[in-house]
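I opened a new page for this one and wanted to get my bearings. These are my notes on what I looked up.

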Amino acid sequence: MDQKPLHSVLVKPAGADCNMACAYCFYRDKNDLYPKRENPRMSEEVLAALIKQVMSQPEQEISIGWQGGEPTLMGLPFFSKAVDLEKRYGNGKIVGNGLQTNGLLLDKKWATFFTEYNFLIGLSLDGPEHIHDHYRRMSGGKGSWTKVRDQAMLMLDEGVAVNALSVVTDYSARFPDEIYGFLKESGLTYMQFIPCVETDPNNPGQGASFSATAEQYGFFLNRIFDLWRADFVNGRPTTSIRYFESLMYAYAALSPPDCTLGKECGSYTVVEHTGDVYSCDFFVEPRWKLGNIMETDLLSLLNSPRQRAFGKLKSEYPETCRACEWLEKCQGGCVKDRIRDPRDGGLNHFCAGFKRFLAHADIHFRRLIAAHRSQQEAMERTALFPQGKPGRNTSCACGSGRKFKKCCGKFV
């Protein structure tokens, strides 16, 4: 059996601890896994073990994602220490650090650090004020939009690479034009839209009230797609939307970077503040605990029987999926969306929305891929025949000096 390489790891250095109280947060209850730790924080010992193990992999490019809860609660010195450890154990590797944050604690010192060490920042910003503050509030109920918007502007002004992470809820799904326009005008041209569905704690068989419906999400995607395409210049996008770009990989018969579009899960692991390792940040639960890095190395846990079993969940499609014309593109979506509020027969919660979107966008994706391939072929021909296309006035490539059409017509 082939051993999976460790390309990326997701780290929760402050566990589920957070300085906000978003209504739709899926990670808050993970504190219950560690009831005796009132102040969950990763120790320097665990951090050192983590970085040393990650850097010891043979892969030359490693991605480390810092998430939460809210990872900036660890303070800037913690991340300075992490970078020092990456340098110490890196052995020339290229390390991509990404940090997902609500932005509240960021300031110029953070911005300088992010710029110096090329951190990619995922900033949680759901859109303009009435949309963002609908669910993203402080523990006392006060809205967070003004602070987050100001921090976004600070990061951009300081040259920090920032992606906007916007959750699509039952409310925000109604305003695709407002959200897209606001993010673009704010300079946040790298966007990621995350559909929200969580199980209602009082009704385990259905989604929570803030969850977007399949119909809402399908409408939202269609409109965002049209806005994205309308902003193309010379056949190229001027805004980046991760889901659409990942689908481009699928249409080109390549492996998409978005794990929800992959044929199998389990390509990365999640490391909690204690060093405990889980299969996925949506499945940080006892059933999918793989072990602890202080006892077993990460690569072994990534290739453990339990992680392989988790990966196979992705391909356990309902019969309806197996007969669907869109399966090769959506791959059934994220496993969690087939579990937390499944449709009839175990379908993905957003199945109808995906179908609506793919039916709308399919021809355009095909044309984009065809145009891209045509451009690639043209570039290759130009490299082969810098004086022009092979024809009446072009010498044959065989080296005879005779005209192409009067000789052997050889392309080399």
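Where is the place of N222? I found N222 in helix α7. A reminder to myself before I go on: this is a predicted model.

I asked for accessibility next. N222 comes out at 11% relative accessibility, which is under the 20% limit, so I put it down as buried. Which residues is N222 in contact with, leaving aside its neighbours within four places in sequence? I listed R356, F357 and H360. I also checked N222 against L47: the two are 175 residues apart in sequence, and their C-alpha atoms are 43 Å apart in space.

Then I looked at what helix α7 lies on. Helix α7 covers residues 214-230 and lies across β5 (161-168), β6 (190-195) and β9. Its direction relative to β6 is about 170°.

**Entry: α6 against α7**

Helix α6 (residues 176-185) was my next stop. The axes of α6 and α7 come within 9 Å and cross at roughly 40°. That angle makes α6 oblique to α7. I noted the crossing as right-handed. From α6, the contact uses P176, D177, I179 and Y180. From α7, I wrote down F219, F220, R223, I224, L227 and W228. How do the residues of this contact divide? My tally reads eight nonpolar, no polar and two charged.

**Entry: the sheet**

I traced the strands next. There is an open sheet of 10 strands, with mixed pairing.

Strand β1 (residues 8-12) pairs with β10 in the parallel sense, over four bridges. In that pairing, V9 stands opposite T269 of β10. On β10's other pairing I noted β11: β10 (residues 269-272) and β11 (residues 276-278) run in the antiparallel sense and share two bridges. V270 has Y278 as its bridge partner in β11. The hairpin of β10 and β11 has three residues between the strands, and G275 takes a positive phi near 100° there.

Are the faces of β10 covered or open? I found both covered: T269 and V271 on one side are buried, and so are V270 and E272 on the other.

L120 is in strand β4 (residues 120-124). Its relative accessibility is 38%, so I have L120 as partly exposed. Skipping residues up to four places away in sequence, L120 touches N97, G98, L99, A161 and N163. For E245 I noted 125 residues of separation from L120 in sequence and 18 Å in space, C-alpha to C-alpha.

T169 sits in the loop between β5 and α6. With 2% relative accessibility, T169 counts as buried. Its contacts, not counting residues up to four places away in sequence, are Y24, Y135, C196, F210 and A212.

**Entry: R373**

I found R373 in helix α13 (residues 351-384). A relative accessible area of 43% makes R373 partly exposed. Leaving aside neighbours within four places in sequence, R373 is in contact with Y251 and A252. Along the chain R373 and A252 are 121 residues apart, yet their C-alpha atoms are separated by 9.3 Å.

Which residues does a cis peptide bond join? I noted G68 and G69, with omega about 15°. G69 lies in the loop between β2 (61-66) and α2 (76-89).

N118 is not a glycine, but its phi is positive, about 55°. I placed N118 in the loop between α3 (108-116) and β4. N118 is exposed, with a relative accessible area of 64%.

A253 is not a glycine either, and has a positive phi of about 60°. A253 lies in the loop between α8 (242-251) and β10. I logged A253 as exposed, at a relative accessible area of 68%.

Terms used. Residues are numbered from 1 along each chain as its sequence is written. This is a predicted model: local features need pLDDT of at least 70, side-chain atom pairs count only at pLDDT 80 or more; totals for chains, interfaces and linings use all residues. Side-chain values use heavy atoms; hydrogens and water are left out. Two strands pair if DSSP finds at least two bridges between them. Contact means heavy atoms within 4.5 Å. Axes are lines fitted to C-alpha atoms, for helices over the stretch in contact, and angles run from 0 to 180 degrees between N-to-C directions. Buried means under 20% relative accessible area, exposed over 50%, partly exposed in between (1.4 Å probe, protein chains only). Angles under 35 degrees count as roughly parallel, over 145 as roughly antiparallel, 65 to 115 as roughly perpendicular and the rest as oblique. A crossing is left-handed if the near helix is turned anticlockwise from the far one by less than a right angle, and right-handed if clockwise. Ala, Val, Leu, Ile, Met, Phe, Trp, Tyr, Cys and Pro count as nonpolar, Asp, Glu, Lys and Arg as charged, and the others, Gly among them, as polar.
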